[in-house]
Amino acid sequence: MSGLLQLRAVSKSFGGLRALDNVSFNVAAGEIFAIIGPNGAGKTTLFNCIAGALRPTDGEILFDGHRIDGRPPHEICSRGLVRTFQIVKPFRGMTVLENIKVAAFARHIRPRDAEEAAGRVLAHLGMEAFAGIDADELNVAQLRRLEIARALATEPQLLLLDEMLAGLTPAEATVMCDLIRELPRQGIAVIVVEHSIPVVRSLCERAVVITFGKVLAEGMTAEVIADPRVQEAYLGRADG
Amino acid sequence: MSGFRTVLCVGGLVVASFLLALSDRYYMDVFILTCFYGTLAVSWNLMAGLTGLMSLGHALFVGIGAYSVAWGASAQGWPPLVTWPLGVAIAVAAAAIIGMLCFRYGLRGYFFAIATLAFNEVAFFSVSASVALGRSDGLILPTSSEDSLLMLQFFDKWPYGLIIGVILIATLAIGQHLLTSRTGYYWRALRDNEEAAEALGVNARAYKLRCFMLSAGISAFCGAFYANYVAFVDPRSVLGIDLSIQMLVYSIIGGMSLLWGPLLGAVLLVPFSVMLRNISAIQGGEIIAYAVLLIVLALVLPQGIAGWLTARWRRRSAVSRPEGFAAPERSA
């Protein structure tokens with residue numbers, strides 16, 4: 001399978017600690033893919049390696065046929081791969097529209113074009129009423145949506161979502177899931193890092209499970225979740 | 001930030017105060033000093049307030065500009081036409097080198113501030129020890145009894161007022177243009193959250209460097225002007241930490257979130273300190289009064305005067321806060 005994103009034997013060590021060990025998987029264009037694993041498994045490290053915040057110690061990451069491992073984040077973004085942060089990072093001194101405009105400048109150099117593009121993203125996400133509000137005044141759910149809006153404004157082919165549902169109420173989470181489910185129809189592939197198994201099951205076709213920095217299982221979500229090794233990693237051994 | 005109209009208003013006020021100051025040499029002197037410090041503070045704030053790069057060594061660039069002019073005129077007889085661009089070029093190059101070093105090693109916040117301060121101090125002591133640059137006695141620019149446009153030497157003060165007024169308005173116009181462009185948005189994004197900005201496609205190092213170089217260039221321009229205006233430079237007046245602190249104080253008082261905030265600070269404080277210097281009998285009395293004013297303002301108006309004014313204005317014209325989201329559009 002030719003992937004939009006291909007990881008080949010990616011490893012990352014921090015001193016003596018091997019946070020990622022020989023991680024390989026592919027993500028196809030237009031699919032929703034999940035990275036799951038218990039706390040401290042290395043999901044966020046993996047994310048940071050893909051998005052360019054960290055340089056892998058070993059291995060190759062290919063996006064759209066180009067090596068992106070070790071490239072700076074802004075370059076990876078301009079290739080069409082963008083991430084959100086688990087802890088939201090809005091530009092607090094700006095309005096919602098200005099936040100999104102910063103991202104839109106990645107594709108549109110002229111301010112007027114960027115503003116129009118940002119307006120389209122706002123409209124698409126149903127956030128028009130918030131355009132002039134300071135990002136500082138939003139609540140968690142709104143900040144998360146702003147985080148997605150900004151990412152979408154860079155017009156990506158692949159979107160990395162880090163724990164998008166953390167801290168949301170069930171109702172808010174449902175709305176967010178609907179939003180994510182729409183993305184492949186716009187030609188955007190999504191990788192989610194998520195704790196909640198039901199969410200992953202409802203959202204993603206395929207998943208990879210990571211524990212202690214290693215790939216434990218990869219494949220169709222339902223099969224992966226049913227895998228006894230995965231159950232064990234999450235819940236502990238039944239007979240232990 | 002209602003754009004160019006604000007710059008037009010501020011520019012209009014500058015022109016009006018210039019015309020008023022024409023009546024008297026003393027007023028013109030106050031006008032010139034206000035514009036000088038105002039431009040410096042605005043250029044400093046392009047970095048600190050709008051890009052989040054707190055420099056404590058900006059006097060370095062003023063000094064480079066001033067000493068280029070003073071040394072060029074006194075030792076080589078070069079006209080300002082040569083020495084001004086020379087000074088600006090050296091300052092921009094110095095900023096590029098310092099910036100590359102700092103940003104390469106990821107210096108931020110206090111660490112960046114201390115690094116810039118260190119470079120400034122090195123320059124201060126080097127110049128104070130350099131015989132060619134007049135040591136701590138400074139350099140006196142050669143003067144003749146006749147006015148000379150070529151050497152920027154005038155008996156009247158108004159031509160100097162004209163020059164610094166133009167520099168100030170040009171600085172504001174350039175600043176405003178950049179702020180509404182991609183560069184300005186990227187600068188503010190870097191100020192608010194560098195990591196997020198990078199993830200959204202901002203080349204942090206390049207944009208910070210660009211800001212640093214521009215700011216240093218404007219400061220050097222002001223320094224060059226100062227040398228020609230006062231016809232004397234010494235390390236204390238153009239390289240001292242006092243000068244760097246002044247830029248910071250005007251910006252904080254005026255309001256760092258706005259382009260013209262620091263200018264407002266200078267407009268209020270420069271005439272105030274000139275006046276205090278003239279009336280206070282106690283040595284250093286103006287510094288005490290200054291300090292008191294600073295403390296009071298910091299307590300009462302933490303976002304600066306300009307910040308407070310715009311907050312008030314925004315509150316009056318505020319839209320009611322929406323409660324929830326509309327349903328996202330379906331792209332079926």
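**How the terms apply in this predicted model**

Author: Apart from neighbours within four places in sequence, G99(B) has contacts with K208(B), L209(B), F212(B) and M213(B). The model is predicted, so local features need pLDDT of at least 70 and side-chain atom pairs count only at pLDDT 80 or more, while totals for chains, interfaces and linings use all residues. Residues are numbered from 1 along each chain as its sequence is written, and chains are lettered from A and ligands numbered from 1 in the order in which they are written.

Reader: What makes two residues count as in contact?

Author: Their C-beta atoms, placed from the backbone, lie within 7 Å.

Reader: Why is G99(B) called buried?

Author: A residue is buried if 20 or more other C-beta atoms lie within 10 Å of its own, exposed if 12 or fewer, and partly exposed in between. G99(B) has 23 C-beta neighbours inside 10 Å, so it counts as buried.

Reader: Where does G99(B) sit?

Author: G99(B) is in helix 4 of chain B; helices (H or I, at least four residues) and strands (E, at least two) are DSSP runs, numbered from the N terminus.

Reader: How do you describe the packing of helix 3 of chain B and helix 4 of chain B?

Author: Two packed helices are described by the angle between their axes and the distance between the axes. Here helix 3 (residues 59–76) of chain B and helix 4 (residues 80–104) of chain B pack at about 145°, with axes 8 Å apart. Axes are lines fitted to C-alpha atoms, for helices over the stretch in contact, and angles run from 0 to 180 degrees between N-to-C directions.

Reader: How many residues of this contact are nonpolar, polar or charged?

Author: The contact of helix 3 of chain B with helix 4 of chain B has 14 nonpolar, five polar and no charged residues. Ala, Val, Leu, Ile, Met, Phe, Trp, Tyr, Cys and Pro count as nonpolar, Asp, Glu, Lys and Arg as charged, and the others, Gly among them, as polar.

Reader: How many helices and strands does chain B have, and why is it called as compact as a globular protein of its length?

Author: Chain B has 14 helices and two strands. Its radius of gyration is 21 Å, close to the 20 Å from the globule rule for 332 residues, so chain B is as compact as a globular protein of that length. The radius is taken over C-alpha atoms, and the rule is 2.2 Å times the number of residues to the power 0.38.

Reader: Why is helix 1 of chain A called largely enclosed?

Author: Eight of the nine residues of helix 1 (residues 43–51) of chain A are buried, so the rest of the structure largely encloses this helix. Among the buried ones are L46(A), F47(A) and I50(A).
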